[in-house]
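Thanks for coming. Please have the sequence and the structure open while I talk.

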Amino acid sequence: MEREDLPSLRALGFEEAELRELDLWEPASGTPANVAEMYVRRSKKKDTLSTLREQVRRICSHAAAEGKRIRRVWFEQKSASKAYVRREEFEKATAAITKSGLSKTLYVYKTSRLSRRGMGQVGLLLDKFEEKSARIYVVAEHIDSTKQRMILAILSEQAREQVTDLSEFVKLGIDAHKAEGKWTGGVTPFGLRTAGGRLEHDPAEYPLARRIAEYLLDRKTPHWIANKLNSEGKLTRHGKKWSGPGIIALAHAVTWAGLVAQRDRALDENGKWTGKYHRGGTPLLDKKGNPISCGEGVITFAEHVKINAILASRAQKGTSIGDRTRGKREIVALLTGTLLCGLCNGAMANGGVNYRCYARQVEGEHSCKGVSTERARIEAAVEVMWLNHILSLSPDSPTIRAIAREWLSYQDPEKEARKTHVTAALESAVGREMKLEKEFFVMGRMDEDKYDSLRDQVAAQITELKAELAELSEEADLTPLMDPASLAGLWQGAGIGGQRALLKAAAKGITLLPSKYRGDRTPIFDRLNPEWRDDRVHPAEEAAWDRWEERRTQATV
Ligand SMILES: [Zn+2]
């Protein structure tokens, strides 16, 4: 009697002699526990007959080691481009086990051969195998479904999820085109038009668009800009009046910088894709993590980052939207929130030329007799105290580290923004990698060549992004905080908002002791009692105070 699979084995190029050697010549007899199915598939174009024969040999050798005979070899070849086609031979091979109960083992060579099932019901398949006390054995990877179901989790558990995001890989495909820097269609942002699949300045709109950009860079609020343009009778592309939110949308649009946007899907309340994308988005990054250009922009990438930082700094905390249309009131008083009343230990508020006890000011004299002091004088004193304190600290002090972080974000917002971008890009790449594996292993909707190439791309991106993130996360150079001149420069260049942050990083509070009597001439320094976050007694601190005292004395002489 001839084996049923002889035509397949001959198609694979086996000769009788070798088939006898492999125990594939005679029909296999035995109980279901002693026989097995073998599934061989030619999926890649580069799978030659000899590599497939080698797979058959290795599976036979493994089966012999397990004391099993191959009942039937199921062989199929499918065009690599037709990943969606239902794999009939695979269905038959599994049916021989789950339906007919002819054997208890299915051998495949690699997980990729196993998993590429048309409808991706590998989890259900494993359940059926389990019911029949049958198993799948993956020879190349030594995975036994009865012992290492965890390893096959990617094949089993995830398959049960309702996969809503099938088109993710269509999107990956689109991204591949985007990566070539082509404008992918849609409405161009104000100031730009398309030409030959790229963005370019629209002569009719660009001058006004650039003016808007410069206003934004000049920290003008979107509301102010809209008002200004409307007062001049300037209209939008659609002939309408400008609005604050319209300006904001433009400012957030990555495409306004001539960059390809990584658009985020808009989901409904159930987490299902609505078919729409959020506007603006973040720039799509190439594998080195650089934003991809799709032509000319109204603004540069650096300007985009800066404008977004300006808008974000105005957004109010605690609200989901943030009041982006109005400018935040500029902070004018250095010591608000730091200076404490020496009598009631409460806050002192900025009263114009003075700082005054807030309790006294609001609740009256019965609450606190109150302390007040001239603003300019005390601010100058605190500045000196701060400089001396910082210079007294060792490089490993938490205050120095906190200030270095603050200093970095003030001095190098692009680096900070870049870090945020890279972190986000890394997260997204890792997410893509996971989805890719799911699509391939579980859903079986992708052919192996495409999977390999996409996975290589994602892996390369992840490597590059990790390296860049490590670089960006390197500790800051602390020398500017150790040198008096550069420290003073840092302080002066920080602006009032930055100075407040620098001060708060160093001091929990500074208490102003009351004057002993009216016209008390006690030096202001003697009335200031700082509570530093980092209050270790340090010889350098004492020395710094001494030096300052010396200078002060000389100055008054
Ligand atoms: Zn008070």
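**Helix pairs and a zinc site**

I start with helix α10 (residues 222–231) and helix α11 (residues 244–252), whose axes come within 8 Å and cross at roughly 115°. That makes α10 roughly perpendicular to α11, a label for angles of 65 to 115 degrees, while those under 35 count as roughly parallel, those over 145 as roughly antiparallel and the rest as oblique. Axes here are lines fitted to C-alpha atoms, for helices over the stretch in contact, and angles run from 0 to 180 degrees between N-to-C directions. Helices (H or I, at least four residues) and strands (E, at least two) are DSSP runs, numbered from the N terminus.

This is a predicted model, in which local features need pLDDT of at least 70 and side-chain atom pairs count only at pLDDT 80 or more, while totals for chains, interfaces and linings use all residues. Residues are numbered from 1 along each chain as its sequence is written, and side-chain values use heavy atoms, with hydrogens and water left out.

Which residues of α10 and α11 meet? From α10 they are P222, H223, I225, A226 and L229, and from α11 they are G244, I247 and I248, where contact means heavy atoms within 4.5 Å. This set divides into 6 nonpolar, 2 polar and no charged residues. Nonpolar covers Ala, Val, Leu, Ile, Met, Phe, Trp, Tyr, Cys and Pro, charged covers Asp, Glu, Lys and Arg, and the others, Gly among them, are polar.

α10 has another neighbour to look at. The axes of helix α9 (residues 206–217) and α10 come within 10 Å and cross at roughly 145°. L208, R211, I212, Y215 and L216 of α9 make the contact with P222, W224, I225, K228 and L229 of α10. By class, that contact has 8 nonpolar, no polar and 2 charged residues.

Now the metal. Which atoms hold the zinc ion? Its protein donors are the SG atoms of C341, C344, C357 and C368, lying 2.2 to 2.3 Å from it. Donors are N, O and S atoms within 2.8 Å of the metal (3.2 Å for Na, K and Ca), and sites may look incomplete because water is not among the atoms. The 4 donor atoms subtend angles of 104 to 116°, which makes the arrangement tetrahedral; for four donors, that requires all angles to lie between 85 and 135 degrees. Along the chain, the donors follow the spacing C-x2-C-x12-C-x10-C. C344 lies in the loop between β12 (339–341) and β13 (348–350) and C368 in the loop between α13 (358–363) and β15 (372–374), so this pair ties together parts 24 residues apart in sequence.

Technical notes: Four donors count as tetrahedral if all angles lie between 85 and 135 degrees; four count as square planar and six as octahedral if opposite donors are over 155 degrees apart and all others between 65 and 115; anything else is irregular.
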